[in-house]
Amino acid sequence: MLSKSMQEALNKQVQMEAESSQAYLAMASWAEIQPGLQGVTDFFYKQSDEERIHMLKLIRFINERGGFAATPALEQPMITFQSLRRVFEEFLKHELKVSDSINDLVHLALTEKDYATHNFLQWYVNEQMEEERVARNLNDKLEMIGDDKSGLYLFDRDIMNYRTQKE
Ligand code: FEO
């Protein structure tokens, strides 16, 4: 059975995953209307779907553990971007924020000796390591490429290989 404080903290994480899904949906939509960014577009549509899965896993867990997962209200995310670099900087910034939040949850689970939740959260800990790795990698690549058009062409072509989802 979840404590009230754990239920509240997990529900905040539900909101964060839902916001992530919205943020990446907005990035996908922005990329889709730019010329030549089909790979980036697909990448963020897929990321958005993945965040929804993260959210659903939490909802199911909260309810299965005797709590109640409240469907969150969402604010509109950033919908336009000055550049592709900006999109990926936001992506990394966002994932770092999510990692901090997961770490706080793990800390709370240990403090409350809630080992079931602690065990459940390990999936998220691993997922965040992977997402951070991919986000950093893509930012490094973009920095190297700069304004080189052929570099950007290859970046867009190859980005699906960097997807964080394990299929
Ligand atoms: Fe579910 Fe990318 O954090």
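Predicted model: local features only at pLDDT ≥ 70, side-chain atom pairs only at ≥ 80, totals over all residues.
Charged pairs make a friendly place to start. Side chains of opposite charge can pair when their charged atoms come close. In this model, 6 salt bridges are found. Glutamate 90 takes part in a bridge with arginine 86, with a nitrogen-to-oxygen distance of 2.8 Å. These two residues lie 4 positions apart in helix 3, which spans residues 84-111, so about one helical turn separates them. Glutamate 90 also meets lysine 93 in a salt bridge, here at 3.3 Å from N to O. Because lysine 93 and glutamate 90 are 3 residues apart in helix 3, about one helical turn lies between them as well. Taken together, Arg86, Glu90 and Lys93 are linked in a salt-bridge network.

Arginine 86, at 27%, is partly exposed, while lysine 93 reaches 51% and counts as exposed. A further salt bridge joins the side chains of aspartate 158 and arginine 157, at 3.1 Å from N to O. Of these two partners, aspartate 158 is partly exposed at 26% relative accessibility, whereas arginine 157 is exposed at 53%.

Attention now turns to the aromatic side chains. Across the whole structure, 13 aromatic pairs are found. One of them brings together tryptophan 30 and phenylalanine 81 in an edge-to-face arrangement, with 5.7 Å between the ring centres and an angle of 75° between the planes. This pair links distant parts of the chain, as its residues are 51 positions apart: tryptophan 30 belongs to helix 1 (residues 4-32), and phenylalanine 81 to the loop between helix 2 (38-64) and helix 3. Tryptophan 30 and phenylalanine 81 are both buried.

Phenylalanine 43 and phenylalanine 44 form another pair, and it is edge-to-face because the planes of the two rings stand at 85°, with centres 5.0 Å apart. Phenylalanine 43 is buried at 0% relative accessibility, and phenylalanine 44 is likewise buried, with a relative accessible area of 0%. Both residues belong to one aromatic cluster, whose members are Tyr24, Phe43, Phe44, Phe88, Phe91 and Phe155.

The charged end of lysine 57 is placed over the ring of tryptophan 123, at 4.2 Å from the ring centre.

Technical notes:
Residues numbered from 1 in each chain as written. Heavy atoms only, no water. Salt bridge = Lys/Arg side-chain N within 4 Å of Asp/Glu carboxyl O. Buried < 20%, exposed > 50% of the residue type's maximum accessible area, 1.4 Å probe, protein only. Phe/Tyr/Trp six-rings, centres within 6.5 Å; stacked < 30°, edge-to-face > 60°. Lys NZ or Arg CZ within 6 Å of the ring centre and 35° of its normal.
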